[in-house]
Amino acid sequence: MNMRIKNKRRGTTPLSETQMAAGSPSLVPPVASRLTSSTPTRGLFKPLSLMLKSPLYRTFATNNRASSATATVETRPGTNLSENEANGKKQVLACPICHDMLIWNGDPVFSVDSTPMSSLKCSTCRKAYSGNETHLDLTLTSGSQKYSEYRPASSEIFRSPLVSFLYERGWRQAFSIWGGFPGPEREFEMMKDYLKPVIGGSIIDASCASGLFSRLFAKSGLFSLVVALDFSESMLKQCYDYIKQEENIFQENLILVRADIARLPFASSSIDAVHAGAALHCWPSPSAGVAEISRILRPGGVFVATTYIVDGPYSLIPFLSPLRQNIGQISGSHIYLSERELKDLCSTCGLVDYTCVRNRRFVMISARKPN
Ligand SMILES: C[S@@+](CC[C@H](N)C(=O)[O-])C[C@H]1O[C@@H](n2cnc3c(N)ncnc32)[C@H](O)[C@@H]1O
C-alpha cells in the first residue's frame, strides 16, 4: 500500500523497547499491571489484580451487585490501590449537562460488567444516570420517560439492530473497497505511532460502533482505561456481545458508555487520547464533536481519527461543492473535499500539530491539545 504522509508530527516521545514490544498482546501484560510494577505497591497490586479476575470474586461481585448499588465509594487514605485506582478513573466521568463531578453509588470495580450496573448522580444538578446490562447511559436524555429526539440519518441508521449486526459482517469491510480504508488491524498499527506519547493513559474510542477498535485497544494492554463510546444502543449491545465472545480481552479496564459526541460526559482536560474511526463524517456537527474532544483532552493529549476525502479526480464531478451542502442537509453526512478542511477543523477547535496520511479517499489525521 502506498501511503502519503503529509506533515511531520513534532514533540513525540520515542518508545522504549518494552513499549515497542507492547504491540504484541502476548508479550506484554495489561497496562495496569505494568504501570504498577515499578511502584512500592507492586507486591499488593498483583494479588489484588489476580483476585479481581478470579471466578470466585466474579461470582461474589455478581451476587452483590444489587446490594452494592447503595454503597457509596469513598477515597480514603490507606484504601487499597485497586480502589484508589478505580476512584481515580471514575473521576474522569462527568455530568453531560454541567460537566461537574458524578457521585458514584455502586460496585467499585471499573469493568465491562460492573460499570453499567452502577448508578451515578451529578454533584451539581442532581440528575441521576444509570445503565442497562451492557452499557452506562450518559446522554442528556438518559432516563427520560416521554421525551425522545431524532438525529440526522447518518446517525440514526447506526441505531438499527440490523446495521449493528451487519457492521463487522461486511459493512465495515466495504470501506476498504470503495474508500481505501486499510482495515482495522492495519489502521490500529498505523495509529499506534500517533499514540506513543500517551501510552499507559486513558483512551476513548469515540463512535466505537461494534467495538472493533475498542477490543484492539483493550487487548493491546497499552492503556490503563479504554472507553468504548457510541450514541447507538444497539451498536453498544453488539460491542458487548463481541467482548464476551473473545477470551483474551482484559475487561477490568474497559467500559461501555452511551454518549453524544457533541456533549461528552467527561471532565475537562481528563483524557489522554481520543480515537474516532470512520466517524467524523457521520456526526451531526463535526465541529461540536471535535471541540468537545479538545475540551476533554488533557494538555498534550492526542486526537486520532479516520474519515474520507473526495478529492483528486472526484473534484471534477460537476457541482460537487454546492451539492454537498444539500446532501449534508438531507443525510446529515459531511463530505470533505480537501485535507485543508480537516486541518482547519482541528485548528479552529484548538488542536495543534495536525498530521495526515492518505490512501486513496481514506485519510488518518492526528492532532494534539497544546501543552
Ligand atoms: C461508520 S461508524 C464508525 C465505527 C468505527 N469507529 C469504525 O472505525 O468502523 C460511525 C459511528 O458513529 C456513531 N455516531 C453517529 N452520531 C454520533 C454521535 N452524535 N455521537 C456519538 N457517536 C455517533 C454511530 O452510531 C456509528 O456507530
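This is a predicted model: local features need pLDDT of at least 70, side-chain atom pairs count only at pLDDT 80 or more; totals for chains, interfaces and linings use all residues.
1. Overall make-up. The protein has 371 residues, of which 40% count as buried, and its secondary structure comes to 15 helices and 12 strands. Among the contacts with a separation of 6 or more, 70% are between residues 24 or more positions apart.

2. Helix α10, its extent. This helix covers residues 184-195, and its 12 residues reach 16 Å from the first C-alpha to the last, close to the 16 Å that is expected at 1.5 Å a residue.

3. The buried residues of the helix are E187, F188, M191, K192, Y194 and L195. Because these buried residues fall within an arc of 155° when α10 is seen down its axis, they line one face of the helix.

4. What lies over helix α10. The cover of its buried residues includes α11 (212-220) as well as the strands β9 (271-276), β10 (297-308) and β12 (362-368).

5. Strand β12, its burial. Of the 7 residues of β12, 7 are buried, so the strand is largely enclosed by the rest of the structure. Both of its faces are covered, with F362, M364, S366 and R368 buried on one side and V363, I365 and A367 buried on the other.

6. Strand β12, its partners. β12 runs antiparallel to β10, to which 7 bridges join it, and in this pairing F303 stands opposite A367 of β12. β12 also pairs in the antiparallel sense with β11, here over 6 bridges, and T355 stands opposite S366 of β12.

7. Is R360 buried or partly exposed? It counts as partly exposed, because R360 has 16 C-beta neighbours inside 10 Å, whereas a residue is called buried only if 20 or more lie within that distance. Leaving aside residues up to four places away in sequence, R360 touches G179 and G180. The C-alpha atoms of R360 and F181 are separated by 8.4 Å, although these two residues are 179 residues apart along the chain.

8. Two alanines with positive phi. A209 is not a glycine, yet it has a positive phi of about 55°; it is found in the loop between β6 (202-206) and α11, and it counts as buried because it has 27 C-beta neighbours inside 10 Å. A278, also not a glycine, has a positive phi of about 50° and is found in the loop between β9 and α13 (286-296). With 21 C-beta neighbours inside 10 Å, A278 likewise counts as buried.

9. Which residues come nearest to the ligand? Of the 21 residues around it, these are S155, F158, S207, A209 and G277, so that A209, whose positive phi was described above, is one of them. The shell around the ligand divides into 14 nonpolar, 4 polar and 3 charged residues.

Technical notes:
Residues are numbered from 1 along each chain as its sequence is written. Helices (H or I, at least four residues) and strands (E, at least two) are DSSP runs, numbered from the N terminus. The expected span of a helix is 1.5 Å times one less than its number of residues. A residue is buried if 20 or more other C-beta atoms lie within 10 Å of its own, exposed if 12 or fewer, and partly exposed in between; C-beta atoms are placed from the backbone. The arc is that of the directions from the helix axis to the C-beta atoms. Two residues are in contact if their C-beta atoms, placed from the backbone, lie within 7 Å. A residue is near a molecule or strand if its C-beta atom, placed from the backbone, lies within 6 Å of it. Ala, Val, Leu, Ile, Met, Phe, Trp, Tyr, Cys and Pro count as nonpolar, Asp, Glu, Lys and Arg as charged, and the others, Gly among them, as polar. Two strands pair if DSSP finds at least two bridges between them.
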